[in-house]
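Hi everyone, thanks for coming. Please have a look at the structure on the screen, and then we'll walk through it together.

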Amino acid sequence: HTFALKYKPLNLGQDTGAFLLKVTQNGQVVDYVVTLRGRGDTEGLNTDTFRQDSKPKADILLVVDDSCSMSDEQAALGTNFSAFINYATSAGVDFHIAVIGTELNNTRQGRFIGAPNNAQPATTECPGYNGPKILTPQTPNVSQQFRAAVCVGLNGGSEGVACKAIQALTAPLITDPAANAGFLRPDAILAIVGVTDAEENCPAAATVYENQLRNIKGAQAANLMSYNIIGPFLAPAPTGCSYDVSSPDVSKHLYLVNAFNGVKEEICTPNWATALENLGKTAFGFRTNFFLTAEPDLTGGKTITVKIDHGDGMGAQTLDPVDSRGAPVWNYDSVSNAVIFQPLFVPAPGDVMTVTYHVACL
């Protein structure tokens, strides 16, 4: 059962109180006390204060295209990984990173690449990988290990991201100590990162995969998951680069990126370092949704004011909903009653954010 309480202040300033709820349990009357807080003022202004996590926890699954058209892109991903990992280490992120391929018909069946049971043999294109299947900040030479792990080979031909990620992150593999157990942590952000020059070849509708993906963290933990794609979004491909097919259908990629508030980057980017750094701002677990303590009143021209204090001595700076180029920075979502940042503009580690607004009369 649910119930709501209305608070009508009788004076100015902070008020505290309590609501006594008497419940009969097993024939006994039990008292439950719910504490109440409120404030009376003449303007109805409310300011919520948030601090961005200083040391987030993130589980990151990379699903890397292993088809024959991916040689240059795999090399670029490995070479520029320092931009990705440097962002995580400088922010003190507690990360797990694992890698699988996209081939729908291979024998790996969603098992993380790595020793002892799924080592990657050396090929003409790849040095081979027999390091740990889950990379962490404590992994020795983590950048070099990652560079070898993401070189997944070029033997695939039928690429799938969503269904392969689901296979890797659900039973029986995710609970099998000989396979993928130990990767998922209940209090960590889960980021799925697909790297492919192809359209999504997983056969079901995108909505089917959305529901299966939501079940991994649970329907009540939607803010603990992102779905991200470095993919073929400029069709036709720019000069000097190529896609798996000339005009890939990226509708499934885009649907899942949008459904999970993720990031899309172009696989034919000339600047992989920037793309990976942008991706890291979402993948490494920084909060994008900040839930307000009261419902704003936006009638009569009233607005929400968002300020960020980076702790650099410059004081709090007001953030407009769009930047100087017209790109969206944040928006207010009335359904969830939250200020939601676009992934590339999330507050940095330790930033203090205040949101000031007029409170709606209920």
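Let me begin with a question: does Asp-66 count as buried or exposed? Asp-66 counts as buried, because its relative accessibility is 7%; buried means under 20% relative accessible area, exposed over 50%, and partly exposed in between, with a 1.4 Å probe and protein chains only.

Before going further, a word on where this comes from: this is a predicted model, where local features need pLDDT of at least 70 and side-chain atom pairs count only at pLDDT 80 or more, while totals for chains, interfaces and linings use all residues. Residues are numbered from 1 along each chain as its sequence is written, and side-chain values use heavy atoms, with hydrogens and water left out.

Back to Asp-66. You'll find Asp-66 in the loop between β4 (57–64) and α1 (71–79); helices (H or I, at least four residues) and strands (E, at least two) are DSSP runs, numbered from the N terminus. A polar atom of the Asp-66 side chain lies 3.3 Å from the backbone nitrogen of Glu-103. Not counting residues up to four places away in sequence, Asp-66 touches several residues, including Gln-74, Thr-102, Asn-106 and Val-152; contact here means heavy atoms within 4.5 Å.

Now compare Pro-127, in the loop between β5 (94–101) and α3 (142–149). Pro-127 has a relative accessible area of 61%, so Pro-127 is exposed. Leaving out residues up to four places away in sequence, Pro-127 touches Ala-122, Ala-148 and Cys-151. Its C-alpha atom is 9.8 Å from that of Val-152, 25 residues apart along the chain.

What about the inside? The largest nonpolar core has 56 residues, and among the members that touch the most others are Ile-60, Ile-97 and Phe-284. A nonpolar core is a set of buried Ala, Val, Leu, Ile, Met, Phe, Trp, Tyr and Cys residues joined through side-chain atoms within 4.5 Å. Helix α2 (residues 81–90) gives the most to this core, with five residues. There is also a second, separate core of 29 residues, which includes Ala-98 and Phe-233. As for Ile-97, the residues it touches include Leu-62, Phe-81 and Phe-183, again not counting residues up to four places away in sequence.

Finally, let's zoom out. The chain has seven helices and 14 strands, and 45% of its 362 residues count as buried. Its C-alpha trace spans about 80 × 60 × 40 Å along the principal axes.

Terms used
Polar contact = N/O pair within 3.5 Å; in protein donor to acceptor, adjacent residues only side chain to side chain.
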